[in-house]
Every structure is written in structure tokens, then in C-alpha cells.
Amino acid sequence: MMENKTKTACETCTHFNADGLKKLGVKTEDFDFILALAGNPNTGKSTVFNALTGLRQHTGNWPGKTVTRAEGAYVYNNQKYKLVDLPGTYSLLSTSEDEEVARDFILFGKPTVTIIVVDASRLERNLNLVLQILEITGKAVLCLNLMDEADRNNIKIDTRILAKDLGIPVVPTSARFQKGIPELIQTISELANGKIQCKPHRIKNIPKNIEKSVNELSETIEKEFPNISNSRWIAFRLLEGDTQIIEALKSGKFVSNEY
């Protein structure tokens, strides 16, 4: 058994027991925690979703969007987790409806934990999205999926160094073979319950004049929207003239129950 103490992200590479997992399929009501499942297309994200919740998905459209929304749930250690499968995207720059939906849910939906699924055999290409997500949220786990493909191509990844560099737990998986899923479930549980503390990679060495503007704007945003999840990230977007973030502020999306 793991000791009941706070750990850093790079100390989460041991193996866990996933006894107590119960897949609930579409029964997503009355949950204790909400999880976001993000990642590039073709990373096995849907396979991870099914491995956690069972093969059934509850599908519908996002509010005001044509993009499909999939939800599922599971119980682990008597706690219920609602899992929202976000559209597969390569970035969160909101240049498409898929990107906008993924970004908005991570920002406004306030998931307890964001699971970022990447292709271990194409890690470098996937890291762009990972770093963008870590600018928004501090509670995340990297699901290093398709490890079987990486092994087949003689690709070796030091998960401890990767976890240390990213500041979040890294769990290697081959979801289609159920490998690593128990470890992923346990890591999600420990993140949700505060037993793992993340120190996510963030942009550094910002010019002083920009840093000053960001800090001032961030403070103003926090006063206006005290429950906001990441005022600093929003401040950057406002300074860049992001029209969708400006509209979100005006429309009150930050405090709506849309998600």
C-alpha cells in the first residue's frame, strides 16, 4: 500500500493496485470529481475512456456547438468520477470549434483533474498541446499511451525525468491491452484527493513590462471574478486581443453553469 502522504509528481512511477474500480458507463449523475480527457487525435484517447468507464458512451452536443460530447463515469475507492472526453486537438489556440470546446471546458468547466493522453511513439509532436494545457491548469496527469508502439520502434522514454520536467505525474500505458490502467486510476485518485501536488511547467523569463501588465490585469480579473480558475492565463489572452476570451468575460461564461 502507498503511504498516505503528499508526493511530488516525479515520485508517482511505482505500480498501484486498482481494486475497487467499478465502471458505470453512462451513469454520470451525483459525482464527487469531474475529469477532463484531452489529447491529440489518434493517441488512443477513446480507448482510455472506454478502459475507465466501460464500452458505453453518453453522447450529445456541447452547448451551442455541433461538436459531439461524450461522458462516462466510474467509481474507485467509493468515490465517483465523471469523465468528459474532449475533442481531439493539436492546440488550444481556438482556431476551430474543436479547439474552442476543449479549451473552454478545461478553463471554465474546472475539471478536478485533466488527463492528457499522448502517443509515446510521437511524444515530441504531442508536447505542444501538453504545454498549452499546463498553462491553464495545475492539476493534470500525462497518460503516456501506446507504449507498445514505442517499444516496437525501440523508443525509450525516461518517465521520471519527463515527470520532473513537466511537473506532473506521468503514467505509461497501453490502454488497448489494459496495461497501466490501474496505475492511471490510482494516480487520478491521489491527484483528486490532494495526495499528489503538481508543479506544472509554465512560461518563464517574460519581459518585465509584460510581466507587470499581466500581474496587474490578473489582479483585476480576480477581483471581478473571484472563482476564476486561471486569471494569469486569461490576462495573457486579453493582452493578445483574444476576441473569444473577451466575449466570454462579457457574457459571464466564467460564472455560468453551462458545463
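What is the volume of the second largest pocket? The second largest pocket has a volume of about 220 Å³. The model is a predicted one, in which local features need pLDDT of at least 70 and side-chain atom pairs count only at pLDDT 80 or more, while totals for chains, interfaces and linings use all residues. Residues are numbered from 1 along each chain as its sequence is written, and side-chain values use heavy atoms, with hydrogens and water left out.

**Figure 1. Overview of the protein.** The secondary structure comes to 9 helices and 10 strands. Helices (H or I, at least four residues) and strands (E, at least two) are DSSP runs, numbered from the N terminus. Of the 259 residues, 53% count as buried; buried means under 20% relative accessible area, exposed over 50%, and partly exposed in between (1.4 Å probe, protein chains only). Among contacts with a separation of 6 or more, 73% join residues 24 or more positions apart. Contact means heavy atoms within 4.5 Å.

**Figure 2. Lining of the second largest pocket.** A pocket is found on a 1 Å grid over the protein atoms alone, as an open set of points where a 1.4 Å probe fits, with protein on both sides within 12 Å along at least five of seven lines; lining residues have an atom within 4 Å of a point. Grid points are joined across faces, edges and corners, and the volume is the space filled by probe spheres set on the points. The lining consists of Leu92, Leu93, Arg103, Gln132, Glu135, Ile136, Ile203, Trp233, Phe236, Arg237, Glu240 and Asp242. By class it has 6 nonpolar, 1 polar and 5 charged residues. Here Ala, Val, Leu, Ile, Met, Phe, Trp, Tyr, Cys and Pro count as nonpolar, Asp, Glu, Lys and Arg as charged, and the others, Gly among them, as polar. Helix H3 (123-136) and helix H8 (231-239) each supply at least two lining residues.

**Figure 3. Helix H8 and its surroundings.** H8 is largely enclosed by the rest of the structure, because 7 of its 9 residues are buried. These are Ser231, Trp233, Ile234, Ala235, Phe236, Arg237 and Leu238. They pack against helix H2 (97-108), H3, H7 and helix H9 (243-251). Serine 218 belongs to helix H7 (residues 208-224) and is buried, at 10% relative accessibility. Leaving out residues up to four places away in sequence, serine 218 touches Ser231, Arg232 and Ala235. After H8 comes glycine 241, with a positive phi near 80°.

**Figure 4. Isoleucine 115 in the largest nonpolar core.** A nonpolar core is a set of buried Ala, Val, Leu, Ile, Met, Phe, Trp, Tyr and Cys residues joined through side-chain atoms within 4.5 Å. The largest one has 69 residues, of which Ile115, Leu142 and Leu184 touch the most other members. Apart from neighbours within four places in sequence, isoleucine 115 is in contact with Leu35, Ala36, Leu37, Ala38, Leu52, Leu83, Val141, Cys143, Leu184 and Ile188.

Figure 5. H6 (residues 181-192) has 12 residues and reaches 16 Å from first C-alpha to last, close to the 16 Å expected at 1.5 Å a residue; the expected span is 1.5 Å times one less than the number of residues. In H6, 11 of the 12 residues are buried, among them Glu183, Leu184, Gln186 and Glu190. Glycine 194, which follows H6, has a positive phi near 75°. In the loop between strand S9 (170-172) and H6 lies glutamine 178, which has a positive phi of about 65° although it is not a glycine. Glutamine 178 is partly exposed, with a relative accessible area of 41%.

Figure 6. Threonine 89 sits in the loop between strand S6 (79-85) and H2 and is buried, with a relative accessible area of 4%. Threonine 89 touches Gly39, Asn40, Pro41, Asp98, Glu99, Ala102 and Leu129, not counting residues up to four places away in sequence. Asparagine 42, in the loop between strand S3 (33-39) and helix H1 (45-53), is exposed at 69% relative accessibility. Its phi is positive, near 65°, in a residue other than glycine. Alanine 73, in strand S5 (residues 68-76), is buried at 0% relative accessibility.
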